[in-house]
Amino acid sequence: MPAKYSHVKKRTTNPKKKAAATIQSGKDSNRHKKLPNHLDKTITNAMSAVSQLERAIAKIFLIRFEQDIARLFSTHIFCVALIHLPTFMMRCITVGGPGWVAYNADCEEIKDFFRSVVSMDLRQAGERVSTKSVLWSYTALREFALSNNVPVCRKRGLHSLRLLPHYDSLKVHMDSLEAMPHAAFTKPPHLGALTEGLEALEEACELKYGEKSPLRSTPPPGWDHQWRIKVRMGYERLSQTLWRVAREFDVSGYGCVLREKLTTKWCDCGCSTDHLGEVCEKTVREDEEGSGVRSGKQREWDGRGSGVLGWETEEEEDIWDIDLDFGGSDSEEGDGFGSEMTIAQMMEIRFIKAEREKEFGNAAFRRGEYQRAVKHYKAAHSIEPELPHYQLNLAAAHLKLSDWLEAEEACTKALGQHRSIKGYYRRSKARRMLGKLDDAVQDLRAALKIQPSNNEALDELLSILPPDDSSRLAPSSSSLATSSSSTSPAPRNAASLYDHLHLPKLKQPKQLPFARSSHDDKKIKVSSIPVSYEVPLMPAGKISTELKPKDLRSRTESFIFPSWEKYTVRLATG
C-alpha cells in the first residue's frame, strides 16, 4: 500500500454477509433503473470539474518546482564559482602555469569534470529542493485560499474541493506559469561579480609564488610579470565554462519522486491534495507560530524572497531534512539503517548501491553478456533515477543487442536530464537503424554543437550526408581536433564541410592580451579521488528492528564520488 494511503484501514469482508448481499441484489435487480440522463450528466460534469482542478494544482506545483530548482541551483553554481573555482585554478596553475587556464578553460577535460560534479549536485538538489518547493507552493496556495475566505482545517489542511469555486483564478495562474520561459540555470541578478573569489585567488598566488612571499616556493612554468592578467582572464573564462556546462542540464529531468507523484499517482478525486495538506499544514503552522507572519513572509514562502539566499546554510538544511511521507522513500532504504541516517547519508548509500549494480553491468558488458548488463543497468537506474549515465550505459547494451527502440528510449530519458554527446550520438545510431534519418541527423548536429571536434559524430553524419567530394571537404581527424582549439584557426576546408552539413560555424577564439607559451599546450588530467564508505550489511532474512547493535556489521568499500573538494590535477601521461 502506498505511503500516502497507509492511514486507511482495510475492513475484513464477512463471507456470509457478502453472500446474502449477492442474493438480495439478485432479487432487487429489477428495481435498479438507470439514472435520468440529466442527473447522470450532472455527476459526470462534477467529477470532470474536480479532475480539472486537481490537474491544474498538480501542474502549478510542478512548474513552480522547476522554477525553484533552477533558481536555487543557480545560486549554488554562483557559490561554486566563488568558493571552489579559485582552488581549482590554483591546482591547474601549479601544474600548467598561470596562463594555462586562460587558453584551456573550454577543454573537454575540464568540462567533463564539471559535468560529473554538477550531475551529482543536481541529483541531491532534485530530491531536497522538492520538499522545500512543495512547502512554498502549498503555503502560497493556502494564502490564496485564506484571502478568498476558504477555510483551512488545522489538522487536515487545505482540501482542493474547497477551491472549486475559484478554479478560474487558479487556471489563470497556471496559464501564466506555462507562458513563462522554460526554467534554466542563469546567474542570479541580485548577486554581484566574483570579485571576492578573484581577490582570494590573487592573494593565494602572491602568497605562494610572489617575490616577497616568505613562503615562496618554486614558481610554476610561465610565471612572469603578467601573471595577474593571466590569472584574472583564466578565472573569468573558467566561470563561463561552468555556466555553459550547467546549462546542458535540464531541470525537467529532476525531482523524479515528486514528478511521479504529480503526473502518474496524483488522484482526480481530491484525496491527493487532502493528503498534501495534512502533511504540510503542521509544518507551516509550526513555522508561523514560532516566527510569526512577518512582513514579506508570503513572498519568502512563495520562493521569491529571502529563501533564495539560504542554499547550503544551516537554515536550508533544516528544511531539507523534513521528513514528508509524500516523498515516497522506501522503508528499506539504506538496507534497514534508514531510521538512523540523515537524508544525505541515505543518498550516499543509495548511490553506492547503484554504482555497485553499474559495475556488475560493466563487467558483464566487457564479457559480451549484454542481456545481463541490461538487467544490472536497469537495476542501477531504478535505485538512482536522477543520474543519467545509467541510461546511457543501458543504451549501449541495447545497441549491442540490436534493440533499437529500447536504445532510443534509454537515450531519450538520459537526454531529458543532460544533453550529452554520448546521448545524442547513441540515439542517432538507434534512430538510423529505425529508419529515422532526419531525427538521426538532428541528433548528430546537436552532438557536434556541444563538441565540434567529435570525430565519431562527424563521421556518422558524413555517412548519412556524404559530400560531393569527401576527399576535398573532409578534414583529417587531427586537423579537425585542432579546429576547435582555442588558438589554431580552422582548417582551410573545414568551413566548407560545416556549411555542407548545416553545422554552426566554428567560432574563432578571442585574442588574449598575452602570448601563448609552450607550457599552455600541456595536457592536464583531472581525476576524482575515490572515497571510502562503511556499507552496512544485513543478514539474509533479517530487518534492522530484529538486530541488536552488537549484531550490526559493515564493510569498507571505495567509490568515485565526484565533488568539488576531492580531486587531483596532474599532467596527463602518454
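## Helices α7 and α8

The axes of α7 and α8 come within 10 Å and cross at roughly 140 degrees. An angle over 145 degrees would count as roughly antiparallel; α7 and α8 are therefore oblique to each other. Their crossing is right-handed. On the α7 side, the contact is made by Gly197, Leu198, Leu201, Glu202, Cys205 and Glu206, and on the α8 side by Trp227, Arg228, Val231, Arg232 and Tyr235. By type, the residues of this contact divide into 6 nonpolar, 1 polar and 4 charged.

Two residues of this contact, Glu206 and Arg228, also form a salt bridge through their side chains, at 3.0 Å from N to O. The pair links distant parts of the chain, with Glu206 in α7 (residues 195-209) and Arg228 in α8 (residues 227-246), 22 residues apart. Glu206 is partly exposed at 29% relative accessibility, and Arg228 is likewise partly exposed, with a relative accessible area of 35%.

## The chain as a whole

The model described here is predicted. Its chain holds 574 residues, of which 46% are buried. The secondary structure comes to 22 helices and 4 strands.

Among the contacts in the chain with a separation of 6 or more, 75% are between residues 24 or more positions apart. One example of two residues separated along the chain is given by Ala49 and Leu164: they are 115 residues apart along the chain, while their C-alpha atoms are separated by 7.8 Å. Ala49 lies in helix α2, which covers residues 37-83. At 26% relative accessibility, Ala49 counts as partly exposed.

Two packed helices are described by the angle between their axes and the distance between the axes. For α14 (residues 370-383) and α15 (residues 389-400), the angle is about 160 degrees and the axes are 9 Å apart. That angle makes α14 roughly antiparallel to α15. The crossing of these two helices is left-handed. In α14, the residues that take part are Tyr370, Ala373, Val374, Tyr377, Lys378, Ala380 and His381; they meet Tyr390, Gln391, Asn393, Leu394, Ala397, His398 and Lys400 in α15. This contact has 8 nonpolar, 4 polar and 2 charged residues.

Helix α15 also packs with α16 (residues 404-415): their axes come within 8 Å and cross at roughly 165 degrees. The helices α15 and α16 are therefore roughly antiparallel to each other, and their crossing is left-handed. From α15, Gln391, Leu392, Leu394, Ala395, His398 and Leu399 meet Trp404, Glu406, Ala407, Ala410, Cys411, Lys413 and Ala414 of α16. The residues of the contact of α15 with α16 divide into 9 nonpolar, 2 polar and 2 charged.

## Salt bridges

Side chains of opposite charge can pair when their charged atoms come close. A search of the whole structure finds 30 salt bridges. One of them joins the side chains of Arg350 and Glu384, at 3.3 Å from N to O. Arg350 lies in helix α13 (residues 343-366) and Glu384 in the loop between α14 and α15, so this pair ties together parts of the chain that are 34 residues apart in sequence. Residues under 20% relative accessible area count as buried. Arg350 is therefore buried, at 11% relative accessibility, and Glu384 is buried at 1%.

A further salt bridge brings together the side chains of Glu460 and Lys429, at 4.0 Å from N to O. Glu460 belongs to helix α19 (residues 455-464) and Lys429 to helix α17 (residues 421-433), so the pair ties together parts that are 31 residues apart in sequence. Glu460 is buried, with a relative accessible area of 12%, whereas Lys429 is partly exposed, with a relative accessible area of 30%.

How values were computed: Residues are numbered from 1 along each chain as its sequence is written. This is a predicted model: local features need pLDDT of at least 70, side-chain atom pairs count only at pLDDT 80 or more; totals for chains, interfaces and linings use all residues. Side-chain values use heavy atoms; hydrogens and water are left out. Axes are lines fitted to C-alpha atoms, for helices over the stretch in contact, and angles run from 0 to 180 degrees between N-to-C directions. Angles under 35 degrees count as roughly parallel, over 145 as roughly antiparallel, 65 to 115 as roughly perpendicular and the rest as oblique. A crossing is left-handed if the near helix is turned anticlockwise from the far one by less than a right angle, and right-handed if clockwise. Contact means heavy atoms within 4.5 Å. Ala, Val, Leu, Ile, Met, Phe, Trp, Tyr, Cys and Pro count as nonpolar, Asp, Glu, Lys and Arg as charged, and the others, Gly among them, as polar. Buried means under 20% relative accessible area, exposed over 50%, partly exposed in between (1.4 Å probe, protein chains only).
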